[in-house]
Amino acid sequence: MGKRKRNRNRSGRYYPSKKKMGNRRWEELNQDCLVEVLRKLDIESLLTNIPLVCKSWYKASLDPKCWKCLNFHELASSPYLRPPYDSPFFDDFNILNGNDDLANAFIKFVVDRSQRCATTLVIAGFFTQQSLEYVSQECPELKCLNIPMEFMFGDEGQHLSKFIGSWGNLELLSIEICYYLDQILTPISTHCHKFQALCCREIQIRDEDAMAIVKLEQKIKYLRLSSCRLSRENVVMILKGCGHLEVLIMRYCNGFNVDDEILKLASHIKTFDYQGTYA
């Protein structure tokens, strides 16, 4: 007996056959319930799959609640990105071909779907200074900003400090491999009064970076440094200067050993995780 044939759409995802769907009328599904389901999908699915199901699904996909999380990083097809992602979406739209105008138009199109309600933004390597400026203006409710390494490798990453202060409601910043962390944190300490969480990965924390973290003293409650390099002096500076820290995670960092003095300075912190640190 041969294998049962399964239905597959262009993106490689399986969808139920008409026989399996039986007599259920998907177009009559309650819109509020449908929106709650669709808001969990990624950008590609919302743009290329859902609108083709039926008119009611297309209408539901336009609800701004479906676009509160804008993860452009998932669209990236580079094998160097995490998680690995190979999408036929780029074969059709050709975003990563160095055409900044096309990339800007695509980002604007997606951001406009959120109707200024987006709360989470994950930047991708094809973002330009123009697109950064646009999202800083059209995402006033942004709370979480994730900046992966491929964006920071490009020249556009240097422009981030110009716009990050526009997000006055920003609460969390996650960033990888940054050579000018202090320039990014400075406007946050001035303009982002709800900020409370910073996650850094594979960053060399210089003296000026540690000082910028300390300037977040009254704001920052959660600090995660993963595979970062920093001196013992900068660890002590952060512990002495950030008195409101509740969680400090310094996993697999190097440049210092956790000694009795550091443990004493961190004694007020509810969670202090320094697994894998070494000098």
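**The sheet and its helices**

Tutor: Begin with the sheet: eight strands form an open sheet in the order 1-2-3-4-5-6-7-8, and the pairing is parallel. Its edge strands are strand 1 (69–71) and strand 8 (271–273), each of which pairs on one side only. From one strand to the next the twist averages 5°. Keep in mind that this is a predicted model.

Student: How many helices and strands does the protein chain have in its secondary structure?

Tutor: The secondary structure comes to 13 helices and eight strands. Of the 279 residues of the protein chain, 45% count as buried. Among the contacts in the chain with a separation of 6 or more, 69% are between residues 24 or more positions apart.

Student: Take strand 5. Is it largely enclosed or open, and why?

Tutor: Burial is read residue by residue, the cut-off being under 20% relative accessible area. Strand 5 (residues 197–201) has four of its five residues buried, so it is largely enclosed by the rest of the structure.

Student: Which strands pair with strand 5?

Tutor: Take each side in turn. Strand 4 (residues 172–176) pairs with strand 5 in the parallel sense over five bridges. Strand 6 (residues 222–226) also pairs with strand 5 in the parallel sense, over five bridges.

Student: Which residues stand opposite each other there?

Tutor: As a general idea, the side chains in a regular strand alternate between the two faces of the sheet. Here, Ile175 stands opposite Cys200 in strand 5, and Glu176 stands opposite Arg201 in strand 5. On the strand 6 side, Leu198 stands opposite Leu223.

Student: What do strand 4, helix 10 and strand 5 make?

Tutor: To read such a unit, follow the chain from a strand over a helix to the next strand. Strand 4, helix 10 (residues 181–191) and strand 5 make a right-handed β-α-β unit. A right-handed β-α-β unit is also made by strand 5, helix 11 (residues 207–214) and strand 6.

Student: How does helix 10 lie on the sheet, and what do its buried residues pack against?

Tutor: Helix 10 lies across strand 4 and strand 5, and runs at about 170° to strand 4. The buried residues of helix 10 are Leu181, Asp182, Ile184, Leu185, Pro187, Ile188 and Ser189. They pack against helix 8 (149–153), helix 9 (160–163), strand 4, strand 5 and helix 11.

**Helix pairs**

Student: How do I read two helices that pack together?

Tutor: Two packed helices are described by the angle between their axes and the distance between the axes. Helix 6 (residues 100–113) and helix 7 (residues 129–138) pack at an angle of about 10°, and their axes are 9 Å apart. Helix 6 and helix 7 are therefore roughly parallel to each other. In this contact, helix 6 contributes Asn104, Ile107, Lys108, Val111 and Asp112, while helix 7 contributes Gln130, Ser131, Tyr134, Val135 and Glu138. By class, the residues of the contact of helix 6 with helix 7 divide into four nonpolar, three polar and three charged.

Student: At what angle do the axes of helix 11 and helix 12 cross?

Tutor: The axes of helix 11 and helix 12 (residues 232–241) cross at roughly 10° and come within 9 Å. That makes helix 11 roughly parallel to helix 12. Asp207, Ala210, Met211, Ile213 and Val214 in helix 11 meet Asn234, Met237, Ile238 and Gly241 in helix 12. The contact of helix 11 with helix 12 has six nonpolar, two polar and one charged residues.

**Loop residues**

Student: Where is Pro64, and which residues is Pro64 in contact with?

Tutor: For a loop residue, read the flanking elements, then the accessibility, then the contacts. Pro64 is in the loop between helix 4 (55–61) and strand 1. With a relative accessible area of 21%, Pro64 is partly exposed. Leaving aside neighbours within four places in sequence, Pro64 is in contact with Arg113, Ser114, Gln115 and Cys117. The C-alpha atoms of Pro64 and Val35 are separated by 9.4 Å, the two residues being 29 residues apart along the chain.

Student: What is the phi of Gln115 and of Tyr252?

Tutor: Gln115, in the loop between helix 6 and strand 2 (120–122), has a phi near 50°, a positive value in a residue other than glycine. Tyr252 has a positive phi of about 55° although it is not a glycine. Tyr252 lies in the loop between strand 7 (247–249) and helix 13 (260–265), and at 44% relative accessibility Tyr252 counts as partly exposed.

Definitions and conventions:
Residues numbered from 1 in each chain as written. Predicted model: local features only at pLDDT ≥ 70, side-chain atom pairs only at ≥ 80, totals over all residues. Heavy atoms only, no water. Buried < 20%, exposed > 50% of the residue type's maximum accessible area, 1.4 Å probe, protein only. Helix = DSSP H or I, 4+ residues; strand = E, 2+ residues; numbered from the N terminus. Pairing = 2+ DSSP bridges. Right-handed = clockwise from strand over helix to strand, strands pointing away. Axes fitted to C-alpha atoms, helices over the stretch in contact; angles between N-to-C directions. Parallel < 35°, antiparallel > 145°, perpendicular 65-115°, else oblique. Contact = heavy atoms within 4.5 Å. Nonpolar A, V, L, I, M, F, W, Y, C, P; charged D, E, K, R; others polar.
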